[in-house]
Amino acid sequence: MASTLVKIYVHLVFHIKNSSIKMREEDLNNIFSYIGGIIKNIGGYPIVVGGRPDHIHILTSLPKMMSLAEFVRTIKANSSKWIKMQDNIYRVFAWQEGYGAFSVSPSLIEKTVNYIQRQEQHHKKRSFQEEYRLFLEAYGIKYDEHFTFVD
């Protein structure tokens, strides 16, 4: 083929380091917007960025010339650097090393967007750990509890 044509949707989930300060509620929208900008700048298409003070959800298309690992590493490194510059309280801010990446069918984009936009209500009923376990189980991913939730 003469052209490279790609459309892969992925739902990314990652948590702050256990030793990190949480993101302040009032800073979340700016952080989400900044992360959306990072994604655009590296060739992805951010559909929605959301989450809570201790974790983030991103629904995005992947850039066609970048591996998933490089994509996530770039988002986390650049956003962490930027967050640290926003206020002195964030001087020790850090994302955990790992992440979850879950493929999303085009037919489930709207459902996934709604899920991410309702994180505040969702987490009144379920912890991040409970939520993440459900993702892993739904996708049939085997995991070691100890290494999944520890820095």
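Helix 5 is followed by G140, whose phi is positive, near 65°. Helices here are DSSP runs of H or I with at least four residues, strands are runs of E with at least two, and both are numbered from the N terminus. The model is predicted, so local features need pLDDT of at least 70 and side-chain atom pairs count only at pLDDT 80 or more, while totals for chains, interfaces and linings use all residues. Residues are numbered from 1 along each chain as its sequence is written, and side-chain values use heavy atoms, with hydrogens and water left out.

Helix 5 spans residues 128-138. The buried residues of this helix are F128, E131, Y132, F135 and L136. These five cover an arc of only 135° around the axis, which puts them on the same side of helix 5. The arc is that of the directions from the helix axis to the C-beta atoms. Buried means under 20% relative accessible area, exposed over 50%, and partly exposed in between, with a 1.4 Å probe and protein chains only. On the other side of helix 5, E137 and A138 are exposed. The cover over the buried residues of helix 5 includes strand 1, strand 3, strand 4, helix 3, helix 4 and helix 6.

Helix 3 (residues 109-117) has I109, T112, V113, Y115 and I116 as its buried residues. Seen down the axis, the buried residues of helix 3 fall within an arc of 160°, so they line one face of the helix. An α-helix has 3.6 residues a turn, so residues three or four places apart point the same way. The face turned away from the buried side of helix 3 carries the exposed residues E110, K111 and Q117. Strand 1 (9-15), strand 2 (45-52), strand 3 (55-61), helix 4 (119-122) and helix 5 are the elements against which the buried residues of helix 3 pack. Contact means heavy atoms within 4.5 Å.

The largest pocket holds about 380 Å³ of space. On a 1 Å grid over the protein atoms alone, a pocket is an open set of points where a 1.4 Å probe fits, with protein on both sides within 12 Å along at least five of seven lines; lining residues have an atom within 4 Å of a point. Grid points are joined across faces, edges and corners, and a volume is the space filled by probe spheres set on the points. The lining of the largest pocket comprises 17 residues, of which H11, K111, T112, Y115 and F135 lie nearest its centre. Strand 4 (100-103), helix 3 and helix 5 are the elements that give two or more residues to this lining. By class, the lining has 8 nonpolar, 5 polar and 4 charged residues. Ala, Val, Leu, Ile, Met, Phe, Trp, Tyr, Cys and Pro count as nonpolar, Asp, Glu, Lys and Arg as charged, and the others, Gly among them, as polar.

The second largest pocket has about 260 Å³ of space. It is lined by 17 residues, and Q96, G98, Y99, F147 and T148 are the closest to its centre. Two or more lining residues come from each of strand 1, helix 5 and helix 6. The lining of the second largest pocket divides into 8 nonpolar, 7 polar and 2 charged residues.

Q96 is placed in the loop between helix 2 (68-86) and strand 4. The relative accessible area of Q96 is 11%, and the residue is therefore buried. Apart from its neighbours within four places in sequence, Q96 is in contact with H15, I16, K17, N18, K76, F149, V150 and D151. The C-alpha atoms of Q96 and K40 are separated by 23 Å, the two residues being 56 residues apart along the chain.

A search of the whole structure finds 5 salt bridges. A salt bridge is a side-chain nitrogen of Lys or Arg within 4 Å of a carboxyl oxygen of Asp or Glu. R24 forms a salt bridge with D27, the closest N and O atoms being 2.8 Å apart, and another with E26 at 3.7 Å, N to O. D27 is buried at 15% relative accessibility, R24 is partly exposed at 26%, and E26 is exposed at 60%. The side chains of R133 and E145 also meet in a salt bridge (2.4 Å, N to O). This pair links distant parts of the chain, with R133 in helix 5 and E145 in helix 6 (residues 145-148), 12 residues apart. R133 is partly exposed, with 23% relative accessibility, and E145 is partly exposed with 35%. Salt bridges that share partners join R24, E26, D27 and D87 into one network.
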